[in-house]
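Take a look at the fold below.

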Amino acid sequence: PSMNRRQRVSVLGSTGSIGVNTLDVLARHPERYEVFALSAMSRVDALLAQCLQHRPRYAVLPDQALAAELRGKLREQGARTEVLDGPDALSEIAAHPEVDAVMAAIVGAAGLAPCLAAARAGKRLLLANKEAIVVGGALFMQAVEQGGATLLPIDSEHSAIFQCLPEDRKTWHQRIDHIVLTASGGPFRTREPGTLAEVTPEQACAHPNWVMGRKISVDSATMMNKALEVIEARWLFNLTPEQIKVIIHPQSIIHSMVVCRDNSVLAQLGTPDMRVPIAYGLAFPERVESGASRLDLLSTPGLSFEEADARRFPGLHLSWAALRAREGSTAVLNAANEEAVAAFLDGGLRFDHIHRVNAEALAQLLPAADECASVAGLLALDARARRHAQGLIKALRAS
Ligand code: NAD
Ligand code: MG
């Protein structure tokens, strides 16, 4: 795309935490970017307000009745945004020929199809939606390569690694010994593991350093978020499971590190603000103002590091197990976790049972080779794993 016109951006999941931060960064640079499309799942009025402010060509609400409601409200305001609904609308705004960049900020495997559509259409794909790459695996990376897409990580850890590496990815393998993903440890880093059974959704969602959506907040409390990030890193940087390490760093100042073959360690630092990786993804290889406050090292408390305790965070270790198991196992782990977290948030599953569901689903449900060969196969595997997890959840609830 020509650099002398504004870049057109579709934001999938625009009403969420990452979506709102993305719109904040875009609005700081009206000369560089215009919002082409927005999307949400259910919050019609929030999406309406975004449409009135950013005037996108399209807005997507998958549900027909909600889409009709938004259409009516937009008409009342005299806004010209066209509302799309139905199962393919997200892929349409992700792959639209006039779109330059797609922010994938939907939560869960529901984002896989539109991510693949953007990848195949050769877009700049800004990936926050880690579940999509965890489910998509090799197929996801093939779509990026074949479509000629530019895949840029938005997850702060992966953005940090990416920022530490040179632009020419052909040199990465030769340089990297391993990477170290930092983890804050979440709200229960120092809580007695034996008391985790009583944790409520509100406690689990109260993250010390980041304000995020509810699903990723629970994942941060169980460390399944870091487990998903280990899997995400495997694909983004083409690493073996052994080349990915995790360390607890409660202050969330160092966002991750690359340990080079010569033992030089490269790190990226900053205040914990998702607008930094978002701005980097949008402007790469340039840099633009993000709105984040600057890191003041003199008023920063000491940086500390701890080992990720396997007894406290058993979920973390499922990532390496899933990567070493048969292909498709990472999709099974993700599906089980999505179901378990939803059940926990609904009050239907104990916090410490999330790990039981994930571990048992991973051990019991074996993916078939043909399930990993196509998107349809992966989505069928995802559905199969969700049903299996539902059975486990029911049994735990009855016990
Ligand atoms: P969120 O719950 O705040 O927002 C999710 C957005 O997706 C909302 O706009 C919602 O309407 C939409 N959505 C949800 N389910 C959908 C579905 N089935 N179909 C279509 N749209 C749907 O979540 P978030 O915290 O913004 O996280 C979004 C993604 O980014 C997640 O994959 C998360 O792991 C990742 N991420 C978030 C952060 C963060 O700081 N919030 C950091 C790193 C990575
Ligand atoms: Mg992260």
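**Around the ligand**

Helix 1 gives the shell around ligand 1 its largest share, three residues. Helices here are DSSP runs of H or I with at least four residues, strands are runs of E with at least two, and both are numbered from the N terminus. This is a predicted model, in which local features need pLDDT of at least 70, side-chain atom pairs count only at pLDDT 80 or more, and totals for chains, interfaces and linings use all residues. Residues are numbered from 1 along each chain as its sequence is written, while chains are lettered from A and ligands numbered from 1 in the order in which they are written.

Helix 1, helix 6 (130-147) and helix 10 each supply at least two residues of this shell. In total, 26 residues surround ligand 1. A residue counts as near the ligand if its C-beta atom, placed from the backbone, lies within 6 Å of it. The closest are Gly13, Gly16, Met41, Met212 and Gly213. By type, the shell divides into 13 nonpolar, nine polar and four charged residues. Ala, Val, Leu, Ile, Met, Phe, Trp, Tyr, Cys and Pro count as nonpolar; Asp, Glu, Lys and Arg count as charged; the others, Gly among them, count as polar.

Two glycines deserve a look. Gly16 sits in the loop between strand 1 (7-12) and helix 1 (17-27). Gly213 sits in the loop between helix 9 (201-204) and helix 10 (214-222). Which residues does Gly16 touch, not counting those up to four places away in sequence? They are Ala105, Val107 and Gly213. Contact means C-beta atoms, placed from the backbone, within 7 Å. With the same exclusion, Gly213 touches Gly16, Ser17 and Val107.

Gly16 is buried because 26 other C-beta atoms lie within 10 Å. Gly213 is partly exposed because its count is 16. The cut-offs are 20 or more for buried, 12 or fewer for exposed, and partly exposed in between, with C-beta atoms placed from the backbone.

The UniProt record, an unreviewed entry, places a "binding site" at residues including Gly16 and Gly213. Such annotations may be inferred rather than shown by experiment.

Now turn to the core. In the largest nonpolar core, of 125 residues, Ala104, Leu125 and Leu126 touch the most other members. Helix 14 (residues 329-345) gives the most to this core, with nine residues. A nonpolar core joins buried Ala, Val, Leu, Ile, Met, Phe, Trp, Tyr and Cys residues through C-beta atoms within 7 Å.

Notes
Contact = placed C-beta atoms within 7 Å.
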